[in-house]
Amino acid sequence: KANRKFHPNDTIVDVSGVKVGGGNFQVIAGPCSIETKEQITEVANDVKNSGAGLLRGGAFKPRTSPYSFQGLHGDGLKLLLEAKKATGLPVVTEIMDASHLPLFEDVDLIQVGARNMQNFELLKELGKIDKPILLKRGLAATIEEWLMSAEYIMAGGNENVILCERGIRTYETATRNTLDLSAIPVIKKKSHLPVMVDPSHATGIREMVEPLSLAAIAAGADGLMVEVHNNPAKALCDGPQSLTPEQFDSLMNKVNKTRQFF
Ligand code: PEP
Ligand code: MN
């Protein structure tokens, strides 16, 4: 179902009225984790004013260490939905377990994180609903494996899948992961699904978010996912890769200029 052979036209995924793919470019922005009402509301207003189409914020966080901040869970989702109401931006947040699905009823785009890309039972459950799914590439997944994970969701009847390249593990340690820009043209050839790029998790380094965002546009990405925090130095998660709202605004100007060439 994900194969372009059987579906020559680009798929356009409609996220509560915000279209992704087939020439519709969107930017998802927001903090790594929802921390407080002030934090998520402030960031939501700022990224909306800069032109983001969707708001992100994690409530269930897949942290490497069990001692790191795990997210506000249901309380975080409530704050995210309040920010959605206040700004009108559709919201994106990660699900870690299918048993949490009832909490995600008002979430517009459900994210499957890199660590769960091959959680097949979760993918099967997400195939049974009709909400759009943002499927991030696994830490060490081949493009074929990634597309097979999309297939798990689509096989159940949910064809609203957006792929997100977020860097893969290589021998290089200068960046958190290695952004695989070549995945974009490869996917475009193999599949009709929209592909977004997350330069924040790909690099882990704030200064590298802009150049790689622009490169992703040149490579044909259908959108970006960028972490933005109102006080990155105090962020509970992923501060070093988070842009300030001012930096995000400047990024959006360059994104819009760059898009005119492609
Ligand atoms: C995230 O987007 O918050 C996240 C944890 O990303 P990834 O699954 O790509 O590491
Ligand atoms: Mn993060």
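This note comments on several helices of a predicted model and on one residue within them.

1. The pair α7 and α8. Two packed helices are described by the angle between their axes and the distance between the axes. Helix α7 covers residues 209–219 and helix α8 covers residues 245–259; their axes cross at roughly 25 degrees and come within 10 Å. Angles under 35 degrees count as roughly parallel, and α7 and α8 are therefore roughly parallel to each other. The crossing in which α7 passes α8 is right-handed.

2. The residues between α7 and α8. On the α7 side, the contact is made by Val209, Glu210, Ser213, Leu214 and Ile217. On the α8 side, Leu251, Lys254, Val255, Thr258 and Arg259 take part. Sorted by class, this contact of α7 with α8 comprises five nonpolar, three charged and two polar residues.

3. Helix α3. Which residues of helix α3 (residues 120–127) are buried? They are Leu122, Leu123 and Leu126. Viewed down the axis of α3, these buried residues fall within an arc of 100 degrees, so they line one face of the helix. The face turned away from the buried side of α3 carries Phe120 and Glu121, which are exposed. As for packing partners, the buried residues of α3 pack against the elements β6 (109–112), β7 (133–136) and α4 (143–155).

4. Helix α5. In helix α5, which spans residues 183–190, the buried residues are Ala183, Ile184 and Ile187. Why do the buried residues of α5 line one face of the helix? Seen down the axis of α5, they fall within an arc of 100 degrees, so they line one face. Pro185 and Lys189, on the other side of α5, are exposed. The buried residues of α5 pack against α4 and α7, and also against β8 (161–165) and β9 (195–197).

5. Residue Ala155. This residue lies in helix α4. Is Ala155 buried, exposed or partly exposed? A residue counts as buried if 20 or more other C-beta atoms lie within 10 Å of its own, and as exposed if 12 or fewer do. Ala155 has 15 other C-beta atoms within 10 Å, so it is partly exposed. Leaving aside residues up to four places away in sequence, Ala155 touches Lys1 and Gly127. Gly138 and Ala155 are 17 residues apart along the chain, and their C-alpha atoms are separated by 19 Å.

Key. Residues numbered from 1 in each chain as written. Chains lettered and ligands numbered in written order. Predicted model: local features only at pLDDT ≥ 70, side-chain atom pairs only at ≥ 80, totals over all residues. Axes fitted to C-alpha atoms, helices over the stretch in contact; angles between N-to-C directions. Helix = DSSP H or I, 4+ residues; strand = E, 2+ residues; numbered from the N terminus. Parallel < 35°, antiparallel > 145°, perpendicular 65-115°, else oblique. Left-handed = near helix turned anticlockwise from the far one by under 90°. Contact = placed C-beta atoms within 7 Å. Nonpolar A, V, L, I, M, F, W, Y, C, P; charged D, E, K, R; others polar. Arc of directions from axis to C-beta.
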